Amino acid sequence: MRIAARGNVMRVLGDEEQIILFEQTVEKIRQHVLKFNTLSDEDVVDIVKGHKTKDESSSDTIVYSIAGHPIKSRSENQKKLIDAYAKDDMIFVTGPAGTGKTYLSIALAVKALKEKTAKKIILSRPAVEAGEKLGFLPGDMKEKIDPYLQPLYDALEDMIPQVRLQDLMEKNVIQIAPLAFMRGRTLNDAVVILDEAQNTTPAQIRMFLTRMGWNTKMIITGDITQIDLPHSHTSGLVQSLDILRDVKGISFVELTKKDIVRHKLVTRVVEAYERFQKEKQEKLQE
């Protein structure tokens, strides 16, 4: 068999059986890259020889990072999130900063897209003016709002190669938009994630939840200890947790400081603020 390559095109000459085997091997290599986001010389040799590649038998891995590292649950409660996603179509995930609620949710969405169980990913956040007025920030509306959405971009960039991610976003297969852009839409065949939901009003989160269409999964994440709304406003997330608690088909997963996977100081910071809030509450009750 002879192989000639020019640019992105390969020409293969040989008998039919050899060409079929070659096509199958190339497809295995392509699937390997899609799954693991990396390809080494050793991987190619293993595929050609029919050997098992790295972590091929691992069942708890959601997807792989662009560096080829497995993204999986790292605590019992994170595993509950993955199980809830498999069981129900709407999942509420609450917990303090650093517990992986947004990151794992996006990983589940990326997996669904790769496995073709969803046709698109829609990520949204409320654009709450945390100390800055949008009107006074420089740039057009996209430039004003993008900083609020950056954590979502960061997670995607860790799981999908840049060129591929750009292509998916240009084709609207992956959409990232402020919550206000959800009004009037019906979201079908998608994984839809609402991040920082503690900063929604009751009307906003109700509008979001009723966008749900056929073959759609919704994940709503938030930290009820970090509400940036004015004190006179009720958090839509807090209200939803109470109203929807007994609705069939909805899962509720609560992550705690034990699930924090960032620097160990994050856990200490969370604990310090918890003590402060508790002491403040006790003084008010005296």
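This is a predicted model: local features need pLDDT of at least 70, side-chain atom pairs count only at pLDDT 80 or more; totals for chains, interfaces and linings use all residues.
View 1. The cut-offs explain the label: buried means under 20%, and exposed means over 50%. V26 sits in helix 1, which spans residues 16–36.

**View 2. T61 in strand 3.** T61 belongs to strand 3, residues 61–64. With a relative accessible area of 10%, T61 is buried, because buried means under 20%. Leaving aside residues up to four places away in sequence, T61 touches P70, I71 and K72.

View 3. Six strands form an open sheet in the order 7-6-8-9-5-10. Their pairing is parallel. Strand 7 (174–178) and strand 10 (250–254) are the edge strands. Each has a single partner strand, so one side of each lacks a neighbour in the sheet. On average, neighbouring strands of this sheet are turned by 15 degrees against each other, direction ignored. Strands of a sheet pair through backbone hydrogen bonds.

**View 4. Strand 8 beside strand 9.** Strand 8 and strand 9 run parallel. Four bridges join the two. L194 stands opposite I220 of strand 9.

**View 5. Helix 7 across the strands.** Helix 7 covers residues 202–209. This helix lies across strand 5, strand 8 and strand 9. Helix 7 runs at about 155 degrees to strand 9. Its buried residues are I205, M207, F208 and L209. These buried residues pack against strand 5 (90–94), strand 8 (190–194) and strand 9 (217–222). They also pack against helix 8 (236–243). An α-helix has 3.6 residues a turn, so residues three or four places apart point the same way.

**View 6. The whole chain, for orientation.** The protein chain has nine helices and 10 strands. Of its 286 residues, 41% count as buried. The accessible surface comes to about 17,600 Å². Carbon and sulfur atoms hold 52% of that surface. Among contacts with a separation of 6 or more, 67% join residues 24 or more positions apart.

How values were computed
Residues are numbered from 1 along each chain as its sequence is written. Side-chain values use heavy atoms; hydrogens and water are left out. Buried means under 20% relative accessible area, exposed over 50%, partly exposed in between (1.4 Å probe, protein chains only). Contact means heavy atoms within 4.5 Å. Accessible areas come from the Shrake-Rupley method with a 1.4 Å probe; for residues, only the protein chains shown count as cover. Two strands pair if DSSP finds at least two bridges between them. Axes are lines fitted to C-alpha atoms, for helices over the stretch in contact, and angles run from 0 to 180 degrees between N-to-C directions.
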